[in-house]
Amino acid sequence: MKLEDVKVAVLRIEGTNCEQESYDAFKRLGAYPEFVHLKQLLGIDCNKDEKRDVFGFQCLMIPGGFSAGDYIRGGAIFAARIKSKLQKSLESFVKQEYPILGVCNGFQVLIELGLLPGIDTVMSDVPQACLNINDSDRFECRPTLLKHENNGKCIFTSKIPNGDVRLIPSAHAEGKLLFPLERQEKILDELEKNDQVVFRYVDPDGNYAGYPWNPNGSPGNIAGICNDLGNVFGLMPHPERTFYRHQHPDWTQSGLDDNVGDGREVFESVLDYICKRF
Amino acid sequence: MDIDRLFKKRKDSSFNFYNVDLFSANDEELQAISNEMGLALALAEMQRTKEYFQKKNRLPTYIELQALGQAWSEHCCYKSSKVPLKKYIYGIKEDKIIAREDAGIVEFDKDHYYCAALESHNHPSAVEPYGGAATGVGGIVRDIVCMGGRPIAYVDPLFFGLLDYPFDKLPKGVKHPRFLFKGVVDGIRDYGNRIGVPTLSGQVYFHEGYTGNCLVNVGCIGIMKKEEMIHSRAKAPGNIYIYVGGKTGRDGIHGVTFASAELTDDSEESSRSAVQVGDPITKEPVIHCTLECNRKGLLEGLKDFGGGGLSCVCGELAYDAGFGAEIHLDKVPLKEEGLAPWEIWISESQERMMFLVAPENVKKVLHICKQWDVTAVEIGKVIDEQITRVFFKGEKILELDLDFFTGGPVYDCSIRPYTILDAKKLEQKEKMFDQPDLNNVLKNLLASPNIASKEWVIRQYDHEVQGNTVIKPLQGKLDYESHGDATVIKPLEDSFKGLAVTANINPRFMERDQYWGACSAIDETCRNLVAVGAKPDSLCDCLNFGNPEKPEKMGEFYEACRGLGDAARVLNLPFMSGNVSFYNESVKTAVPPTPEIMGIGLVEDIRKCVTSDFKKTDNPIYLVGKETEKEMGGSEYYSIMNTDGGIVPKTDIKLLKNCMEGILSVIEKEFIASCHDVSEGGIGVCISEMAIGGNIGANINLSKINKDLRSDFKLFSESNTRWIIEVKKDKVKEFEKILDSFKTPYVKIGQTKKANLLIKDNDCKIIDQKINTLLDVWKNAIWNIMG
């Protein structure tokens, strides 16, 4: 399909707050994003012309923020509201190989929905992982460097060469990716074996490093993972915040060149996939 | 004194409803009524009220007196500050200001305005730091939204006592500065991050004078299309009042009167209920639906609930348009049952907005609010007479002429006398001492909490949400970032035009010399903006002072206003918005006079912005601007040397103007690689920060700087109007030529080098430090205390 026909739903509820820059990322590349309040998908409190169907879109994006305040667990309430009515639709959306992207709070929502890690199943009934409070016990807003380690499964990073290090900044208080402790090692191995690990935190020399380069203490320095099908991708750092070079924290040192930022190819990759696949 | 007999219960009423018998009260009893009801009104104001009701030939109701207490509080009607503000601050380049209501509005480009506001939330934060600071942040964002602005930046200047203050010396009822610092930062973080507005700038300052009364100032900036600007006034009688957002509760009752008195040792007990409770997740959708209704042209007027609650909002919306209001209090959504009507009327519960809507649009507005799950209720209408009438369960409980209600008192110097202290006294105390080892001094300065890295704070705030922060609060090479002078955002998707923001005051200058301290604040604000390549465009002030009833405190206020006005007038910089906070005193002492200044500058093309970190080795380094003088009064150097006296830096605004033009021109032409303003800690700290940010050293020689000065004064003097600039190696001639043409003084003092910072004065080596050593002491100082 043509790029300008690709419709992307940027989902939001109260407390979602990175929707504008997420919308802009798709828009700048020529796609057709739309802000969609969850109630429009659920058909609550809206007029006929305001109702939306998941299958009216080729891509769902759950942006960052503090949905519903995140007073319980990051993303838990947003996920519960989605699941209440849309579980079946989402499951078949993913099975039909439409992509879903979750950034920061969106990643938390995908975990709570059971769409990630998605190792043996498309959507688990209960969450199989959690994004726990950072080791520092603090909100961390800082530049993070992500090494791309996916070997081709993740459709959101197809344009990023394997081994490339990208500056994609983080801003979260709950980003430590944990699995049931007794199975943690096994699951991490499995993720790696299945090519579901997409990004790991590294230091400026490209080495795996502890705090602050790994801002939350995630085991294995994992910053982002995809499901087994490669079409659901969640990550804590914000690719929409380095769409342009002028958004980088050190651009006055490095210069702007053509003003392409390190996060842009995440959006280019998924749009490229949609255009080819559908 | 028993004044119970003066409160007369109305027998005909279905609820508890009192008249207050002012007529039979003598002066002493009038004052006692004011105290008993928490009105904070002076005797003259009570007498004036009595006369008003005598003319009306009826006793006032309890709620009417409460409403007057709010409307006439220092916080709401600026009674002590109006005269000096009018004399000095107003009237500068007024034609630039499009509107000055809850926020000021100024043009951004041909299609857009920006708006900004800065205010204090001091007393609530001193009693309950987390909630106080959070609601401060929540309140200021409403000031932006109610002008039609989309909030794009927070600015949070904070002032605390010393972090290592001994616990056993803390006065009763005073919380430790470390507790306050952490609580305030937590509050700003949890609220600001949740509503998705980046916290871009601010100031964190520690000084013993803030021990009993910390200062929490909050600023917010917004942007709007020109046609989206909306005013805080009705358009026509018949406009419907729609109450939107959070419910009303007992929190925040008497907030404004609490803010208009000194803190005491039992403020914790007595005033806790004056602190509101913030809820960002109610607020966030309120912002969305307010802006959506406004964008769709459904609103006639818009105002946020601030100090004084419903009482002030309803009256002002109507009165400013020459109309009146009829309000039905029983329709107001409540957090809990059993609130008395007067509590509903003056509660300052958070997250509330008032829409004025034409009757035909009410349904559409309610639908939009419903979609965002935001409470919205019709509670009254605009009427033709200039009167506020309030009903509860069908009974009229308040009827006040609006010109009386909003015509609060104004105090001139006959009621608020002032005395101006002689700054010379402190100057004379300056003692001579031998020059110490400057390597140690430099390291001590870099570790001084007022200079040390504020990373501990900055990284807890999301300063990148919205994706528009192009020059961040921490600048430079990854892992070596140091403080920038100003933060720059690019607020529009399809334009490279930028908006720069900074916030400054030097309390040590201010406590010594209010006039030159205020001038220095304007100077530093301009220096900061110019350093990134922004042309200063407007100012906001938040004037934090002591008790205005004390003549010496009022004198400080006059002198500060005079300084701000004198400096801003020469620069043609208008004060677009402002706030006055008096009574910043506690059991211990008053705070140093603190007129916080937020400056906004415009950048034509953000791609030309300059940061403070050194970029390349072998680039020449210049000191640009005013001659360095021995102006050590209030300097960080004297503070860590435990010595006092000396003169506070003066400023020559005309020279500042030349320098600003010169530097903006060399930035525009892309001749320079980095630029940093010289302020606390002088040249020594300035160059260290530039070196830290770029992880690049420098060879400096101070010999060409004011030859009459000793090396330590050259290095650490905080004389105004100075910048350190790293010039691109191949642009030196052009650079000097441009500065000459703008009559901007400069002197070459060295060049960037690898690894070490080496400073000589003539042949004498005074500083030789590894960058990593400087980085460690500077970066870790606050982390080590706060963990």
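In the predicted model, B:Tyr241 lies opposite B:Gly380 of E13(B). Strand E9 (residues 240-245) and strand E13 (residues 376-383) of chain B run antiparallel and are joined by five bridges; strands are DSSP runs of E with at least two residues, helices are runs of H or I with at least four, and both are numbered from the N terminus.

These strands belong to an open, mixed sheet of seven strands in chain B, ordered E10-E12-E9-E13-E11-E14-E15, where pairing requires at least two DSSP bridges between two strands. Strand E10 (301-304) and strand E15 (395-401) of chain B each have a single partner strand, so one side of each lacks a neighbour in the sheet. Neighbouring strands are turned by 20 degrees on average, direction ignored.

Two helices can be followed onto this sheet. Helix H7 (residues 129-145) of chain B touches E10 and strand E12 (352-357) of chain B, and its direction makes about 170 degrees with that of E10(B). Helix H11 (residues 280-295) of chain B touches E9, E10 and E12 of chain B, at about 20 degrees to the direction of E12(B). Contact means heavy atoms within 4.5 Å; angles run from 0 to 180 degrees between N-to-C directions, with axes fitted to C-alpha atoms, for helices over the stretch in contact.

Residues are numbered from 1 along each chain as its sequence is written, with chains lettered from A and ligands numbered from 1 in the order in which they are written. Local features need pLDDT of at least 70 and side-chain atom pairs pLDDT 80 or more, while totals for chains, interfaces and linings use all residues, and side-chain values use heavy atoms, without hydrogens and water.
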